[in-house]
Amino acid sequence: MDYFRKNSGTGSNKQSSTPIRMRIILGVILILFAMLIGQLAYLQLVYGSRFKAEVQRTDSTVISNQVPRGVMYDAKGRILVGNKATNAITYTKSASITTTDVYKISNALSNYIKITDEKPTKQMIADYYLANSDNNTRITAKLPRSAKVDPDGNKKTNGEVYKAALAYVEKMDPKLTPKEKTAALIFNKISGAYTLSTIYVKNKNLTDKEIAQVGEHLSELPGVGIGTDWQRSYPNGSSIQSIIGSVSTEKSGLPSDNLQYYLRNGYSRNDRVGISYLEEEYESLLKGTKSTSRVTTKSNGNIQQTKTVYDGQAGASLMLTIDAQYQKKVQAALKRVYSSAEAAGAARCSNGAYAVAMNPKTGALLAVAGLNRNTNTGKVTDNALGVINQSFVMGSVVKGATVSGGLINHVITPTNNTLPDTPIYLPGSPVKKSVYPVGTFSALDAETALEVSSNIYMMHLAMKWVGAKYVPKQYIHMPDDSFNVLRRNFAMFGLGQKTDVDLPGEVSGIEGKSFNSKGNILSGSVLDLAYGNYDAYTPIQLAQYVSTIANGGNRMQPYIVQSVGRTSKDGKKVYISYNKKPNVQQSIPWTSAELNVVQQGFWRVVHGTNGWGTAHPLKNVKPSISGKTGTAQTFYYDAEHPNRKHNIELINATFIGYAPSKNPKLAVAVVFPGLDPDGEGTYTLQVAKAMIKDYFALHSTK
């Protein structure tokens with residue numbers, strides 16, 4: 001009983017104390033509310049203006065835009081490569097834009113423009129399709145559980161789920177209307193743009209109607225604008241476009257192999273840059289200085305204002321040594337004569353033809369022409385670059401360098417240069433002789449050897465030069481440095497050496513093997529090298545070599561850019577800031593008497609009276625021509641099937657020359673590789689004749 005009484009008393013005391021506790025708690029709550037209201041009032045009164053300014057704050061960012069690339073002119077001031085201004089629809093991406101915003105802008109813009117020269121990929125279509133929130137929700141709901149949850153029961157990331165949704169839509173392959181396809185392309189372009197960068201949504205085939213309609217609705221298209229783009233144009237034809245090179249598109253942007261280099265030098269990833277030859281070689285000059293604009297954005301990331309800070313400066317102009325009119329004539333002559341070789345069946349295994357004209361005194365390239373022929377399809381395309389990146393065994397045209405070496409090294413002299421014209425009989429090998437019958441000549445001097453293109457003379461000269469020991473049909477021994485001796489001599493004239501022409505991609509040629517697998521020197525090949533039937537050279541090396549003989553002994557560096565300057569805004573004048581000075585790479589250490597032997601031999605090749613002279617069809621061309629023909633044995637090579645064996649014997653036909661014979665102003669080299677031996681004809685002489693006549697017809701003094 002006492003126990004129950006105690007409990008009853010305790011309960012009565014608890015009930016009486018509860019209201020007091022509640023009052024304490026309520027009091028604390030009231031105090032806290034009062035403090036909170038006081039703090040809010042304090043912030044509003046003391047910091048209100050600061051917070052308001054923060055809400056209205058704007059950020060300012062400087063962005064850059066491309067300017068027109070530099071113009072390229074020919075030697076007469078004609079535009080070879082210019083810029084064609086085109087209207088463009090642009091878009092500048094704000095920092096706060098969402099996928100939904102991009103979707104809305106893309107759909108709205110597709111009401112006013114059409115993009116028909118591009119087709120959206122399946123992924124583009126899927127991205128655009130899922131940008132619609134309703135589609136996204138519906139497709140996500142259809143995905144299997146494995147696409148949303150991993151094997152452990154954990155939810156996959158949004159990115160993983162979106163990737164699965166993309167694959168689902170791509171497989172579903174939704175059909176879009178033409179308008180939706182345009183919207184999908186626009187969506188892809190805008191989505192891929194960098195924040196605050198300006199891209200071209202459409203910069204080709206933009207109609208006046210499209211410009212007008214977009215202009216009327218710019219207020220409804222945030223970030224969209226109307227601007228100007230520049231495209232490369234070739235008003236004087238594209239025959240040397242392969243040498244001029246090309247520029248990347250905005251879509252391809254910077255080349256991946258040099259990405260970091262360009263980024264370090266201030267390029268954006270979608271900038272257009274020169275990616276080959278002159279466009280690449282002179283990129284730093286042609287690109288110009290970008291214009292800059294200050295973009296002001298609100299605190300929510302939307303663009304408030306864009307203001308041009310610097311208009312930029314167009315790229316530097318290049319004045320080339322090429323004469324556009326002469327270039328067209330050389331290319332036309334090469335095509336015409338090559339077509340006749342095809343028609344006659346002489347070029348059935350030929351892979352092209354090349355011609356180059358050069359100022360022998362300065363090294364300036366006056367015309368560069370080339371053809372590439374697919375030996376499987378017979379299709380012929382322009383390939384001017386072949387003059388610097390294609391190597392061929394050139395044949396007897398190199399004999400001028402062989403004779404020069406013999407004279408310079410005092411193996412022969414201007415007054416004592418007669419050698420026997422007896423064939424070379426090596427043990428176990430076919431006889432090595434000239435084209436004409438054995439016994440035609442008992443002996444030849446150097447000038448006559450050049451005139452009749454004697455292989456025998458060059459082989460005897462080489463053996464005497466290197467100190468070979470030779471017993472006909474029994475024995476031949478040559479020093480191990482024999483190849484080096486002859487190649488050093490050829491290199492003086494630029495044969496087998498890069499000419500350092502101002503174009504990337506030049507090759508140095510191809511050297512044949514010097515020793516066999518047992519380490520023994522290939523003596524017979526030394527003899528072949530002496531008359532041009534072993535190592536391979538490029539057409540531009542031939543032009544440099546013959547120019548060296550023409551000008552009296554200076555090996556001139558070939559070049560194609562004469563000067564650099566700035567084009568006036570009206571495009572009527574170029575202000576030159578740099579002029580290329582001719583560069584002598586090496587002077588041949590011969591005497592005037594030694595030089596005269598070679599030049600007389602070249603003159604007699606064309607004007608001589610010997611029946612075995614090889615270029616007599618050029619005898620009546622005015623001004624007079626001196627030169628050298630060449631024929632080299634080769635075999636058919638199928639580039640598309642390099643491992644397939646062929647035994648089709650062919651010849652490379654060549655010609656080098658200069659005119660006038662006294663005080664030359666023009667040097668030419670013509671190469672027709674891979675002709676049928678039975679149909680060699682006079683194709684190289686025909687091209688050379690046209691090149692020389694056309695040049696002096698264009699440059700005759702009236």
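**A walk around α12 and its sheet**

Start by selecting helix α12: it lies across β9 (352-358), β10 (365-373), β11 and β24, running at about 30° to β10. Helices (H or I, at least four residues) and strands (E, at least two) are DSSP runs, numbered from the N terminus. Axes are lines fitted to C-alpha atoms, for helices over the stretch in contact, and angles run from 0 to 180 degrees between N-to-C directions. Contact means heavy atoms within 4.5 Å.

Before going on: this is a predicted model, where local features need pLDDT of at least 70, side-chain atom pairs count only at pLDDT 80 or more, and totals for chains, interfaces and linings use all residues. Numbering runs from 1 along each chain as its sequence is written, and side-chain values use heavy atoms, leaving out hydrogens and water.

Six strands form an open sheet with antiparallel pairing, in the order β11-β10-β9-β24-β23-β22. Two strands pair if DSSP finds at least two bridges between them. At the edges are β11 (380-382) and β22 (626-635), each with a single partner strand, so one side of each has no neighbour in the sheet. From one strand to the next, the twist averages 10°.

Zoom in on β23 (residues 649-659) and β24 (residues 666-675), an antiparallel pair with eight bridges. Pick Thr654 and you'll find its bridge partner in β24, Val671. Then bring up helix α20 (residues 592-607), which lies across β22 and β23 at about 80° to β22.

Ser317 stands opposite Gly565 in β19. On to strand β20 (residues 574-579), which pairs with β19 in the antiparallel sense over five bridges; here Arg566 stands opposite Tyr575. β19 and β20 form a hairpin with six residues between them, and Gly571 in the turn has a positive phi of about 75°.

Last stop: colour by pLDDT, the predictor's confidence in each residue, from 0 to 100. The protein's mean is 88, and 88% of its residues reach 70 or more. Over residues 1-16 the pLDDT is below 50, and beyond near neighbours in sequence this stretch has zero contacts in the model.
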